[in-house]
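Have a try at each task before reading its solution.

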Amino acid sequence: MKIVVCIKQVPRRDDLLRINADKSWIDESSLSFEANESDAYALEEALRLKEKHGGEVIVATLGPSDASKTIKEGLAKGADRAIHLCDSTFEKLDAVATAKSLAAAIGPEAPDVIFTGLQSDDLGYGQTGVLMAEMLDLPHASIVIALETSEDGKTLRVKRELENGWFQWISMATPALVTIQSGINKPRYASLKGIMGAKKKPVDVRTASDLGLNADALTPREAIGSLYLPVREKQTEMLEGDAETVAAALVARLRGNGVI
Amino acid sequence: MPPLEREELPFDVVFVGAGPASLAGALHLANLVKLHNSSGGNLGEIEIAVIEKGAEVGAHGLSGAVMDPKGLAELMPDFLERGCPVEAPVGKDAVMYLTGSAKFTLPITPPPLDNHGYYVVSLSKLLRWMAPICEEAGVNIFPEFPGQSLLYDGDQVVGVRTGDKGIDKHGQPKENFEPGVDLLAKVVVLGEGPRGTLTKELTARMNLDRRSDPQVYALGVKEIWELPDDRLEAGTVFHTLGFPHSGEVFGGGFLYMMKDRLLDIGLVTGLDCLDPQIDPHHEFQRFKTHPWIAGLLDGGKMISYGAKAIPEGGYYSIPRLHSGGVLIVGDSGSLLNGQRLKGLHTAMKSGMLAAEAIFDALVADDYSSDAMLRYSQKVKASWIDKELYEVRNFHQAFEKGRMAGLVTNGISFMTKGIFPKRLPIHAGHTRMRTLKEYYGKTDVQKYDLKFDGKLTFDKVTDVYHSGAAHDEDQPCHLKVVDTSICVDRCTEEFGNPCERFCPAAVYEMVGSGGDRRLQINFSNCVHCKTCDIMDPYQIINWTPPEGGGGPNYKRM
Ligand SMILES: Cc1cc2nc3c(=O)[nH]c(=O)nc-3n(C[C@H](O)[C@H](O)[C@H](O)COP(=O)(O)OP(=O)(O)OC[C@H]3O[C@@H](n4cnc5c(N)ncnc54)[C@H](O)[C@@H]3O)c2cc1C
Ligand code: SF4
């Protein structure tokens, strides 16, 4: 079974966020990075499939050169090789362009299963996996919290998390794409031996032009206008007087604000 | 848990702790081996590993810091060209004496505190810069792997066992249990910083401190502030004495200006106080209320917090630095100059001397205690020894209070350390007085400062800014041998000082009456080691938690 798992490197969840000077993004100099949480679960799910069915696990990451830390961690935990989409053209992509780029790199591998996390902890679009499935013409299931495979590995049975405590079990034939929800398993630690071994595993670094993508094709359809911290605007004003006066004052106030 | 087969991984040399001492040592050793092999030597590949308990190299790196570049320049003469992230060369440099409301600038900076030619640096940044340079030279660095215990063959150290991962709070293996591994090594180098876990174990087992004085420590509590304007130029360095400490408390303040309008501000408080009520974090908060300091911080924002112990004992507290198959470097070996509050340069130099001794041992293929003695001799013959000898009585002189300390140190400076001769020193935990002895009563409330959340912060807020986190589902890493003492004897005698001396609100007495007990909020721990040092009964053992836990320092 050939399994690709998409892993994004994101700021650590408990980092203190500071907005950069031109308010276009967070100040990355004060951040440390880690694998996106649901992606780490997706990797564990991929490694378990490989343990059951044999084959190989390929990590695919789109990100700056220092995302190599997260890639190495994936290799240390047991992935066999990695594809690193690394190029200045890949900076600040939206979900469509990210999916397009990843699809261009992963498609030719013709994997049996592609895993992504449910959504990234930084931008939180939750679209990359689903869009990629459409682009690669694959069936997909999102928000998966349990996964079973048939003996021959040709059919997946997955449990999806719906609203209000409802779940859905569905079966689908491979090749397929599955977006994984955090908590589906207990991710393993990288062992010391694994870390040593990871150094020798191949990482294939690809640029946009390697993938036949030009800057135009990747132009984001949306951009961050400005970033700011939520401002606390709640105000409490006490209306004084007896019930009648207060009621009249309240009505006047609501009218004045255009509420009624 | 059933006994398990542990994996053994052979290395040649394992450094414990990725601080400046270990990283300098590992890099120097890699360089020596490379030079040797390329000039016809036949050592071949030497596998060097550095293990670090933090989530990444630098995550547990906390210092001032004003760096004397002497050590780094020997390791890497072109450190500036190679992009060493210094914040700024030291510019304006002054020492102040603070009273509750005023400050007096010393007309001349006393030579030991003169910092010209030095650099303001952030240790966490410096280490993050050094790590990839070490890796390029072939050193294997493993963050998230604490050294749990030493491996022995008789009395010869033959390796390090790393901590288990994936154990739940009841001590049972979880689904993702990953047992620690045995890293076998010809030589293990302990660069664990102050009060190292393995260093403590080795020192006790091999009696390494039988000829040395006890170690005494201070605690540095520190915040980084982002200032609203350029009121202080990068490279500005202020040291303070006096307020908020009473005359009998050892310590002083520091303000070092970094780039990007970021100010290091910290207070060092001796952990050998007589007063059982002392709270170093609270003292630091009071420090900031001094009008001069509050003015400097006005309009600024606190962005980061941390705390770490400092070994102040100096020369006479240096233990034997070697034993069969093992060497001790940096703060773990008491190689810090307490008078100058500087240990980065000596730590790096000691790491390099260890590398040289190990290189000789590799060539001779002899790792016995006699072969390791080479390192102790090298330290003795180096500028580390000379520098520490001159200030050998620095801390001792303060045991009788600040004035006595200043006078004695003045004499010592003027006579280049010839006078006084050896002064006595006592481990901090033996000096702490009971409430009755110190206050004459047990019902005492020393502090009355209310934290305002702008200039002054409670411990919980500060800890949040240290990034400290631990997986909650693991055994508590603070082992209190006997918690029954907490409820009666300690309450009565010392008033549960752990609630105050810990700068991270880890220890809390909760409940009342018969339900009163000690609660340990271990997830807050910033790994400063104060509890292990200062607990008057010496029943708290700090042990490394699961790898990756602890503070997450970026610019400390
Ligand atoms: C508040 C403060 C201000 C200071 N100011 C200055 C200054 O201005 N100038 C100066 O030169 N010096 C200063 N120092 C001193 C200087 O920081 C130290 O001397 C220096 O960091 C010591 O280096 P080290 O490598 O020995 O240990 P450390 O820097 O303490 O590094 C030890 C490393 O080992 C790791 N470790 C510990 N135990 C284990 C284990 N069992 N397994 C795995 N990893 C482990 C730790 O996480 C840490 O990363 C200051 C110190 C403090 C606390
Ligand atoms: S528990 Fe001990 S080591 Fe941890 S922060 Fe508190 S005093 Fe420091």
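**Ground rules.** This is a predicted model, in which local features need pLDDT of at least 70 and side-chain atom pairs count only at pLDDT 80 or more, while totals for chains, interfaces and linings use all residues. Residues are numbered from 1 along each chain as its sequence is written, chains are lettered from A and ligands numbered from 1 in the order in which they are written, and side-chain values use heavy atoms, with hydrogens and water left out.

**Exercise 1.** Find which residues come nearest to ligand 1, and describe the shell around ligand 1 by class.

*Solution.* 
- Step 1: Collect the residues near the ligand (a heavy atom within 4 Å of it). There are 36 around ligand 1, and Glu52(B), Ser63(B), Val66(B), Gly147(B) and Asp331(B) come nearest.
- Step 2: Sort the shell by class, where Ala, Val, Leu, Ile, Met, Phe, Trp, Tyr, Cys and Pro count as nonpolar, Asp, Glu, Lys and Arg as charged, and the others, Gly among them, as polar. The shell around ligand 1 has 19 nonpolar, 11 polar and 6 charged residues.

**Exercise 2.** What lines the second largest cavity?

*Solution.* 
- Step 1: Take a cavity as a set of points, on a 1 Å grid over the protein atoms alone, where a 1.4 Å probe fits but cannot get out; lining residues have an atom within 4 Å of a point.
- Step 2: Name the lining. It has 14 residues, and Cys486(B), Cys490(B), Cys498(B), Asp535(B) and Ile540(B) lie nearest the centre of the cavity.
- Step 3: Classify the lining residues: 12 are nonpolar, 1 is polar and 1 is charged.

**Exercise 3.** Which residues come nearest to ligand 2?

*Solution.* 
- Step 1: Of the 14 residues around ligand 2, the nearest are Cys502(B), Cys525(B), Cys528(B), Lys529(B) and Cys531(B).
- Step 2: By class, the shell around ligand 2 holds 11 nonpolar, 2 polar and 1 charged residues.

How values were computed: On a 1 Å grid over the protein atoms alone, a cavity is a set of points where a 1.4 Å probe fits but cannot get out, and a pocket is an open set with protein on both sides within 12 Å along at least five of seven lines; lining residues have an atom within 4 Å of a point.
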